[in-house]
Amino acid sequence: VSQRQAGVGGADCEFLDGYVCTKNVATRRMSEFLPIHHARIMIITFPIEYHRNAKQLMSLDSIMAQEYEFLRILVARITAQRPHVVMAEKGVSHIALSMFDQAGIVVYSRLKRSAIDTIAHCTQADVIASIDRLSLEPRLGRCACISIDTYQQAGAPEQRNPLLRVEVASTQDTSARNVGGP
């Protein structure tokens, strides 16, 4: 995988075993937990959100109570696996983000499916496609280090873009070329 930045020479490049993509953590406070060395990564493809029944009439208080309770149970099932990082293909509600934040778990949401598959391959993680699969003891991915680096574009020095770096410690053929970083 190669990240390319316009106007950057070879001296500003580095090779690393792992994966690099443009992505930031879900909340600012989660960036305080990074970098994480020897991280356990859970990869999911279902949304961590409560889906309301639009045809059913209920009071707003009871709907909010149901949403909170559903998300509390779901986040508890995820945190029971003890991941350091949760990577989700779909969205994560603000209530769930707050719960993950309190548990000290870093969340990346709305990742592309190709990024999900590549990170799962690099880290040897199971891709969890449904809530029911959480009870089957899914295999968490492992990586040497997960971090966020920022880089500035040559034409717009005021614009800073985050790079998610997942570095693996194995001898797999998953090298990434980080151009213009760290």
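A disulfide is counted here as a pair of cysteine sulfur atoms within 2.5 Å. The structure is a predicted model: local features need pLDDT of at least 70, side-chain atom pairs count only at pLDDT 80 or more, and totals for chains, interfaces and linings use all residues. Residues are numbered from 1 along each chain as its sequence is written, and side-chain values use heavy atoms, with hydrogens and water left out.

**View 1. Cysteines without a disulfide.** A search of the whole structure finds zero disulfides. A disulfide is a covalent bond between the sulfur atoms of two cysteines. For Cys143, the closest cysteine sulfur is in Cys145, 6.8 Å away, which is too far for a bond. Cys143 is buried, at a relative accessible area of 4%. Buried means under 20% relative accessible area, exposed over 50%, and partly exposed in between (1.4 Å probe, protein chains only). Cys21 is buried too, at 9%.

View 2. Helices (H or I, at least four residues) and strands (E, at least two) are DSSP runs, numbered from the N terminus. Strand S8 spans residues 160-167. Six of its eight residues are buried, so S8 is largely enclosed by the rest of the structure. Two strands pair if DSSP finds at least two bridges between them. Strand S7 (residues 141-152) runs antiparallel to S8, joined by eight bridges. Thr150 has Pro162 in S8 as its bridge partner. Strand S2 (residues 13-21) also pairs with S8 in the antiparallel sense, over four bridges. There, Tyr19 stands opposite Val166.

**View 3. The largest nonpolar core.** A nonpolar core is a set of buried Ala, Val, Leu, Ile, Met, Phe, Trp, Tyr and Cys residues joined through side-chain atoms within 4.5 Å. The largest holds 45 residues; Ile48, Met87, Phe100, Tyr108 and Ile146 touch the most other members. Strand S3 (residues 36-44) gives the most to this core, with six residues. Contact means heavy atoms within 4.5 Å. Beyond its neighbours within four places in sequence, Ile48 is in contact with residues including Leu71, Leu74, Ile78, Ala96 and Phe100.

**View 4. Helix H2 and its cover.** Helix H2 covers residues 94-103, and its buried residues are Ala96, Leu97, Met99, Phe100 and Asp101. Their cover includes H1, strand S4 (85-88) and strand S5 (106-108). Gly104 follows H2, with a positive phi near 80°.

**View 5. Ile63 in helix H1.** Ile63 lies in H1 (residues 60-79). Ile63 counts as buried because its relative accessibility is 16%. Its C-alpha atom is separated by 9.7 Å from that of Tyr50, 13 residues apart along the chain.
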